[in-house]
Amino acid sequence: MDFKKLPPVQEQLMKCVRCGKCRSVCPVFAEVGIETTAPRGHVFMVQMLRDGKVEPTNEVYERLGQCLLCETCSINCPSGIDVHELNAAARSYIYDNNPSVGKELLFETLWTKPAMLRSSARVMSAAQKLGLQSLARKTGLTKILPGDLKEAEQMMDNIPSKSARSRLSEINLAREEKKYTVGYFLGCGTDLFSPNVAVAAVDVLTRNGCEVIIPKDMKCCGLPHIANGKIETAQKLAAHNIKVLNAYDFDYIVTDCASCSSALSRKNMEFLFAGLKIEDAALALSEKVLDLTVFLIDVLDIRLPQKKTAEKIRVTYHDPCHLANAQLIKDHPRELLRRIPGIQLAEMKAPNTCCGGSGTYSTTHYEMSMKILDKKMDNAMETGAKILTTCCPSCIMQLSYGCKRHNWDVQVLHPVELLSRYYQS
Amino acid sequence: MDTSQLKQELVQLLGKDKVLTQDLDLMYYSYDSSFLTKLEPAPPNAVVFPKSTQDVQKVVEFAYQNRINIVPRGAGTGETGGCIAVQGGIVMDLSTWNEIIEIDVKNMQVIVSPGVIHAELNNELAKYNLFFPPDPGSSMMCTVGGMVANNASGLRAVKYWATEPYILGLEVVMPNGDVIITGGMKARCIKNVSGINLTKLMVGSEGILGIVTRIRLRCFPKPKARGIAMAVFDNLDDAPAVVMDVYQAGILPSGIEILDSSAIKAVNDFKPQIKLPDAEAILLFEVDGNPPSVEYEGQVIQEVAGRKARTVEWATEPKRMAELWEGRSVTAAASARVRPDGSRIFAGEDISVPISRVADTLRALRDLADQHGIQIVNYGHIGDGNVHTAPVINPEIPQEVEKVIKFVDEVHLLAIEMNGSTTGEHGVGAVRRAYAELEHGKAVEYMRKIKESFDPAGIMNPGKVF
Ligand SMILES: Cc1cc2nc3c(=O)[nH]c(=O)nc-3n(C[C@H](O)[C@H](O)[C@H](O)COP(=O)(O)OP(=O)(O)OC[C@H]3O[C@@H](n4cnc5c(N)ncnc54)[C@H](O)[C@@H]3O)c2cc1C
Ligand code: SF4
Ligand code: SF4
């Protein structure tokens with residue numbers, strides 16, 4: 001891939017007027033205050049890289065890598081610059097041109113092979129129960145979890161022993177008259193770390209006239225790879241998924257994971273495949289993709305029967321960056337919560353500020369990630385909520401860790417879990 | 001002193017957490033929001049992040065003894081290269097020293113360190129029903145120190161003027177390391193005519209006379225009500241005439257903004273749903289104060305503007321106000337997108353002319369743009385004659401850059417010819433110093449004398465202002 005010819009690099013770099021508006025919204029810059037972490041600093045560095053004023057060194061990669069890719073800057077930029085895409089493109093360029101930038105096993109192998117990823121999670125979970133931490137470490141899976149190894153292990157003590165895939169069938173028939181055939185894109189995070197979300201989603205969908213198919217042969221959506229500069233790997237993964245998913249005749253493709261839906265979105269498909277042969281197929285796929293909450297509200301228009309027994313419960317909601325910023329979806333998850341009888345939505349301050357998880361960021365930049373998380377937790381705790389909700393497994397993982405870190409005894413759930421509970425209550 | 005020794009010494013003075021020394025990191029301090037530094041970024045030899053007057057003083061004393069240039073910097077949102085080490089030296093980034101030291105509600109004043117962000121200060125003050133009225137468009141990102149140095153103002157300058165009248169006193173580290181307090185060492189008063197007014201001299205001096213380390217500023221009670229009027233004109237000349245009529249009717253709005261046909265088109269292309277009426281000019285009036293007075297002033301504006309305007313609409317309901325104002329609030333973004341293969345640039349963007357000549361100036365700007373074959377978007381604070389011109393070019397095409405540089409030069413000359421100034425709010429910095437003699441004549445000699453007496457070693461932000 002020719003870095004200089006990528007659309008954001010070609011069309012957007014010159015549009016940056018260095019106004020600094022993005023400085024005022026970036027969660028990393030808010031902590032550090034140094035221009036090397038400012039979004040406008042990243043844009044500048046990408047330009048230096050393009051113009052050959054700096055070499056694709058580890059040092060440049062490190063500076064760019066401080067970004068969470070939370071997209072807050074991009075949605076606030078008056079010049080319409082996708083700062084995060086420029087950053088990702090530059091990381092990829094460095095990755096391709098500098099053999100010493102870490103080509104970890106994790107991204108190139110483990111995360112591209114779902115079966116291996118799942119078995120690692122199982123080994124890890126079993127190993128932990130047996131106290132065999134060193135075995136757990138060998139799976140390499142700790143690397144994708146928050147914190148350095150010690151911290152990661154702490155947070156891993158409740159890794160589910162069964163993945164969603166092992167708990168769900170490939171084909172799940174509608175339990176009332178069938179309205180839609182829905183492809184369920186089961187992301188790695190949900191599958192391995194939040195399987196209950198998938199189970200709840202399938203429960204709710206099948207109750208509402210959807211036949212839910214979870215295609216067997218799907219791979220990671222590729223977003224973690226983009227974030228880590230491995231765009232070619234992301235392209236391969238996406239191309240595979242496009243082939244698999246387009247072979248079915250789905251009415252919709254739904255996912256509970258904000259990162260997956262943003263990876264499958266039109267915008268990201270254009271970023272990965274603009275001008276390539278596969279572009280049309282990619283865009284055709286993205287037309288069908290909807291976030292689960294959007295599907296439940298806009299397509300199914302879910303309404304719940306009032307029950308006398310409905311328990312009153314205070315719930316707060318955290319906006320995942322990949323939903324609120326990348327796809328501007330903020331109302332649907334809230335509307336869904338409001339439609340569940342008994343739920344009182346208590347907004348936290350700055351609900352759409354990143355939680356600092358951002359996939360692998362919490363591992364690669366543990367301290368920064370924790371600073372951002374601590375702010376988020378203060379805002380969440382201030383609401384006095386009993387349940388903290390969000391729509392992304394990476395956020396669920398990070399926020400659960402935050403609750404533990406702050407001794408805050410609440411559940412961290414996807415709204416669909418509350419919905420499913422309500423049906424079952 | 002060679003740069004590696006310089007870096008070592010600075011680390012020794014402040015500790016390594018407050019100094020940037022790696023060349024790669026220094027590159028990030030080679031730009032501000034000016035077009036100049038986009039074309040020619042100029043990295044410093046070191047960057048320091050002081051967190052106290054002592055830190056500042058240590059670095060300045062060291063720089064003075066070793067004759068090393070020192071350049072204060074806030075958030076780097078200036079449009080003039082003011083915070084750039086154009087002749088090398090140490091950049092002193094004061095934006096991480098951001099403390100609201102005291103809100104003295106009883107005396108209607110607040111004391112801050114230089115790095116406090118304007119919007120954040122006003123958020124705090126709002127808790128006490130107070131506000132610091134100057135309102136630059138960069139409020140969310142610029143520092144109060146940068147506002148003091150540039151005497152920044154914004155669209156409410158019509159009523160509230162610029163930063164200067166609000167500054168009651170300053171602590172300044174002088175270019176030789178002395179620390180002085182202007183406006184009275186212990187003073188907490190508001191009125192004060194004692195001594196030569198060094199506060200006034202420092203405000204707007206763009207960091208060439210010393211480094212502001214503490215700011216005592218006056219706050220106003222926050223107005224309780226607001227209203228917006230939009231007047232649409234078929235004839236450009238009617239717009240400034242109506243501004244005068246409104247003043248004559250005894251009304252002083254907080255802001256009066258103009259969008260000319262180029263801006264109206266840019267906004268409608270960018271966001272068709274805003275549906276600005278197709279016109280020669282649109283005026284937006286903002287009035288603030290107490291509810292009855294706002295209502296009264298709104299009625300007068302409606303009546304007065306109605307005599308010449310095609311339509312006038314008045315709103316006090318928040319949603320409608322936001323809708324009326326939306327055209328203005330997206331102008332900057334809209335001008336950025338006039339050309340898919342281009343970008344607006346910040347150059348020649350801030351001339352100021354007499355109100356009576358705004359219409360002539362807007363026409364002359366369009367003619368100049370046509371002559372040079374450059375697309376522009378015009379808008380501005382017509383209430384005080386401040387015209388913002390946004391040239392839109394592809395900055396990566398050298399011929400376009402060459403053309404725009406000539407255009408911008410003529411824009412500055414036009415301002416002087418119209419009995420105006422090359423800059424109404426953004427300042428001179430490195431980009432407008434060539435016009436100093438033409439604009440100020442012999443007065444520049446006296447400006448130089450002041451500079452030399454404050455900074456005999458010539459180390460404080462050289463290459464700026466004149
Ligand atoms: C989108 C946008 C909109 C803008 N709108 C307006 C507007 O409406 N009105 C307006 O007036 N300006 C506006 N500006 C220009 C700019 O934001 C202001 O001039 C602002 O006050 C600069 O503050 P800063 O903290 O970014 O200072 P910087 O750009 O970092 O520095 C500006 C100058 O101040 C000096 N300086 C900074 N701190 C100190 C200090 N503590 N002591 C001594 N000298 C110091 C620097 O040396 C430099 O000369 C705008 C800029 C942008 C990008
Ligand atoms: S907000 Fe956009 S134009 Fe402004 S500095 Fe950031 S990236 Fe550049
Ligand atoms: S994507 Fe988020 S973390 Fe990265 S520069 Fe933008 S605002 Fe900062």
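Predicted model: local features only at pLDDT ≥ 70, side-chain atom pairs only at ≥ 80, totals over all residues.
Student: What makes chain B as compact as a globular protein of its length?
Tutor: Start with its contents: 17 helices and 19 strands. The radius of gyration of chain B is 23 Å, close to the 23 Å that the globule rule gives for 466 residues, so chain B is as compact as a globular protein of that length. Its C-alpha atoms fill a box of roughly 65 × 60 × 45 Å along the principal axes.

Student: How much of chain B is buried?
Tutor: Buried means under 20% relative accessible area. In chain B, 59% of the 466 residues are buried. The accessible surface of the chain is about 18600 Å², and carbon and sulfur atoms own 51% of that.

Student: What share of the contacts in chain B joins residues at least 24 apart?
Tutor: Take contacts between residues at least 6 apart in sequence. In chain B, 72% of these join residues at least 24 apart.

Student: And what are the values for chain A?
Tutor: In chain A, 77% of contacts between residues at least 6 apart join residues at least 24 apart. Chain A has 25 helices and nine strands. Of its 425 residues, 62% count as buried. Its accessible surface comes to about 16300 Å², with 51% belonging to carbon and sulfur atoms.

Student: Why is P253(B) called buried?
Tutor: The cut-off is under 20% relative accessible area. P253(B) has a relative accessible area of 0%, so the residue is buried. P253(B) sits in the loop between helix 9 (238-248) and strand 13 (255-260) of chain B.

Student: Which residues does P253(B) touch, leaving out those up to four places away in sequence?
Tutor: The list is V158(B), K159(B), V246(B), Y247(B), F285(B), E286(B) and I301(B). Take F285(B): this residue is 32 residues from P253(B) along the chain, yet their C-alpha atoms are separated by 6.5 Å.

Student: Why is helix 25 of chain A said to be largely enclosed?
Tutor: Helix 25 covers residues 415-424. Eight of its 10 residues are buried, so the helix is largely enclosed by the rest of the structure. The buried ones are P415(A), V416(A), E417(A), L418(A), L419(A), S420(A), Y422(A) and Y423(A).

Student: What makes strand 2 of chain A mostly covered?
Tutor: Count its residues. Strand 2 spans 180-184, and four of its five residues are buried.

Student: How do you know that strand 2 of chain A pairs with strand 3 of chain A?
Tutor: Pairing needs at least two bridges. Four bridges join strand 2 to strand 3 (residues 210-213) of chain A, and the two run parallel. Y180(A), for one, has C210(A) as its bridge partner in strand 3. Strand 2 also pairs with strand 4 (residues 252-255) of chain A, in the parallel sense, over three bridges. There, V182(A) stands opposite Y252(A).

Student: Which way do the residues of strand 3 of chain A point?
Tutor: C210(A) and V212(A) point one way, and E211(A) and I213(A) the other way. All are buried. Strand 1 (residues 171-172) of chain A joins strand 3 through two bridges, running antiparallel. In that pair, N172(A) has V212(A) as its partner.

Student: Why are strand 1 and strand 3 of chain B called edge strands?
Tutor: Four strands of chain B form an open sheet in the order 1-2-4-3, with mixed pairing. Strand 1 (19-20) and strand 3 (70-73) each pair on one side only. Strand 1 is joined to strand 2 (residues 46-48) of chain B by two bridges, and these strands run antiparallel. The bridge partner of V19(B) in strand 2 is V48(B).

Student: What surrounds ligand 3?
Tutor: Its shell includes C26(A), P27(A), H42(A), C67(A), C70(A) and C73(A). Helix 2 (27-32), helix 3 (39-50) and helix 5 (72-76) of chain A each give two or more residues to this shell. By class, nine are nonpolar, two polar and one charged.

Student: Which residues come nearest to ligand 2?
Tutor: Of the 13 residues around ligand 2, the nearest are C16(A), C19(A), G20(A), C22(A) and C77(A). Its shell has eight nonpolar, two polar and three charged residues.

Methods. Residues numbered from 1 in each chain as written. Chains lettered and ligands numbered in written order. Heavy atoms only, no water. Near = heavy atom within 4 Å. Nonpolar A, V, L, I, M, F, W, Y, C, P; charged D, E, K, R; others polar. Rg over C-alpha atoms; globule rule 2.2 N^0.38 Å. Buried < 20%, exposed > 50% of the residue type's maximum accessible area, 1.4 Å probe, protein only. Contact = heavy atoms within 4.5 Å. Areas by Shrake-Rupley, 256 points an atom, 1.4 Å probe, with all protein chains shown as cover.
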